[in-house]
Amino acid sequence: MQVDFYQLSRDPVDQVLPAIAARILAMGARLLVVAQEPDRLERISAGLWNGPPDSFLAHGHAGEAGEGHQPILLGASCNAANGARHVALADGLWREQALDFDRVFHFFDDSTIEAARASWRALAKRDGIESRYFKQDGRKWLQMA
């Protein structure tokens, strides 16, 4: 399984996540986006809606009708009612349940960098996990490790 760590230094997660979500949907896969704070999920939802019309990213919230049909599901836990095999941890908090997915996108910023480092070190000791680290360089992402 693959865990991609994304250090947010220029743009917030609600501006970064839509590009990754679009790539996942283009592969025919589904995504679960997890964050504890409802206001963060609302900002992410707005980011998914606010792209150009030709890049519309259909999504819904966990607990709402039709959640199982949503290509992108936003929720507070790692319960993928939409059958997603990709999960984005959008609040900087690592969750062990993320290891049940095929791929994890772990977004963190300066306020959660120490916890992300601890998660990186812990995952490095486990078999079957490939971790990669990306950092923003202007509008591009550079793979650092």
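Residues are numbered from 1 along each chain as its sequence is written. Because the model is predicted, local features need pLDDT of at least 70 and side-chain atom pairs count only at pLDDT 80 or more, while totals for chains, interfaces and linings use all residues, and side-chain values use heavy atoms, with hydrogens and water left out.

Begin by selecting Val33, Ile44, Ile72 and Phe107, which touch the most other members of the largest nonpolar core, a set of 23 residues. A nonpolar core here is a set of buried Ala, Val, Leu, Ile, Met, Phe, Trp, Tyr and Cys residues joined through side-chain atoms within 4.5 Å, where buried means under 20% relative accessible area (1.4 Å probe, protein chains only). Among the elements that give two or more residues to this core are helix 1 (13-26), helix 2 (38-49) and strand 6 (103-108); helices (H or I, at least four residues) and strands (E, at least two) are DSSP runs, numbered from the N terminus. Helix 1 gives the most, with 6 residues.

Next, select isoleucine 44, which touches Val13, Asp14, Leu17, Val33, Leu74 and Ala90, leaving aside residues up to four places away in sequence (contact means heavy atoms within 4.5 Å).

Now move to strand 2, where Leu31 and Val33 on one side and Leu32 and Val34 on the other are all buried. In a regular strand the side chains alternate between the two faces of the sheet. Strand 2 runs parallel to strand 4, joined by 4 bridges, and valine 33 stands opposite leucine 74 there; two strands pair if DSSP finds at least two bridges between them.

How values were computed. Buried means under 20% relative accessible area, exposed over 50%, partly exposed in between (1.4 Å probe, protein chains only).
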